[in-house]
Amino acid sequence: MGVKLRKPILVAGIGLSVSLWLWESLGNSALEMGQWGLSAAIALVGGGLWLLQSKNKSKQKASQMRISLTPESVNKAIATTQEMLNTLALEEPEPDIAHLQQQTSQLPELLQRQNLTITLTGGQKVGKTSLKQLLEKNQNLSGVTWRENSAFSTEIETELTTTDLILFLTSGDLTESEWQKIQQWHNLNHSIIIVFNKQDQYLPEESVLIREQLKQRVKTLILEDNVIAIAAAPKDQKVRQHQTDGTIQEWTEPSKPTLEPLTDHLAQIITNHTPELVLATTWRQTIQLQQDIKNLTNQIRLKRALPIIEQYQWLAAATALANPVAAVDVLITIAINAQMLVDLAKIYQQQFSLSQAQTAATTIGELMLKLGLVEVSTQTIGSMLKTNAITYLAGGSVQGVSAAYLTRVAGLTLVEYFQEQETTSQSWNLEKLGAKLQQVFTQNQRISVIEQLVKPIFGKNMALL
């Protein structure tokens, strides 16, 4: 594969490495070279490790702050969605994005909705079905679309994207997993009412105590008025009647549901707060659509990024195999990683100057050393190559494979990192970068992955492995 060297970082790096090689050949201070090689190794390792950061922390934590929504902010989000779609169409005209275009065009219309969708959710056996049936029959709540689903079902997150109001049912105090769900949904700008159902199963003083506990538990997120106690399907009451002849007659009578606190509150919400609930739902749908567009955009960009990573990994391997001086290998690999960073950043529309890329390579090297990835990868590759005398004795074999391996890990880490960037950025989140590096390294530590790098380098000799 031909490699164009009209890259400023590569030219400078290779030029410097050649000078050092000549210096070594003329017998100048080996000690100075060793010290310089160590410094360069740190920078090189940094370049690779920075890129190897993992997806462990890529799973985004829900923001601990609700976003303040206004019609202007939601309309701005809709406009951003259209811009993202236009960018996608320019980058790759071929993908079928008609469904995304249709959903985007419908977003302004969603802001004009007058009817609400309310979802009843919670744990098991808390009375969701019984309550839903009663609410559907209530004349004061007409025009509402009612849904019911478990808080821990696989479909609940998708369903809640188009839900305007959540009724979270519980038959007692909240479990830790239920509380985490409520926090997560609150942070996505969901409006939530805590419904303490089956209060009839407790003594009156116990019921009051449980409701107060619920208020205290959720008070940082939910107003007291939105913690309501009801009895949707109370147990039948036993009636005892003393007869005139001295006997006692017993029978059961159905109890009337206690729903008025909830139905009255819902009626008030429908009358006074429908616009703001619809606004929040439209925002969630907009954000979800943005994520769908970004996922498709990342798939397209990944197809363009992988050939670039492969190009630089083979260049790093060839350079390490060809040069007998360790410091030369290190310096060229630094230049390769830095230039690869610039090229990948362009694909993901992250603009970095050459000096910024060189600084990033040094930072990555420090992360690599701190995480111990270089030592682990070298030991793994060295032990694998020892199984074949030809490849192990070949000059620079470990260095060549290591250079290709670390360059590939660095490239894949950069891809993972850039995919999560929301906007063009010229600064690094080192904590996030380090996490990405470690995860990508772990994912690519399998022997089969390393063998795929070794085989092209040593060709037929690898048949003996």
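The largest nonpolar core has 36 residues, and Leu344 and Phe418 make the most contacts inside it. Such a core is a set of buried Ala, Val, Leu, Ile, Met, Phe, Trp, Tyr and Cys residues joined through side-chain atoms within 4.5 Å, where buried means under 20% relative accessible area with a 1.4 Å probe, protein chains only. Helices H9 (260-322), H10 (326-347), H11 (354-371), H14 (397-419) and H15 (430-443) each supply at least two of its residues; H14 gives the largest share, 10 residues. Helices here are DSSP runs of H or I with at least four residues, strands runs of E with at least two, numbered from the N terminus.

Another core lies apart from this one, with 23 residues, among them Ile228, Ile230, Leu277 and Val278.

## About the model

This is a predicted model: local features need pLDDT of at least 70, side-chain atom pairs count only at pLDDT 80 or more, and totals for chains, interfaces and linings use all residues. Residues are numbered from 1 along each chain as its sequence is written, and side-chain values use heavy atoms, leaving out hydrogens and water.

## The sheet

Now to the strands. Five of them form an open parallel sheet in the order E2-E1-E3-E4-E5, two strands being paired if DSSP finds at least two bridges between them. At the edges, E2 (145-148) and E5 (227-229) each pair on one side only. E1 (residues 117-122) joins E2 over four parallel bridges, with Thr117 opposite Thr145 of E2.

## Helix H4

The buried residues of H4 (residues 98-110) are Leu100, Thr104 and Leu107.

Technical notes: The expected span of a helix is 1.5 Å times one less than its number of residues. Buried means under 20% relative accessible area, exposed over 50%, partly exposed in between (1.4 Å probe, protein chains only).
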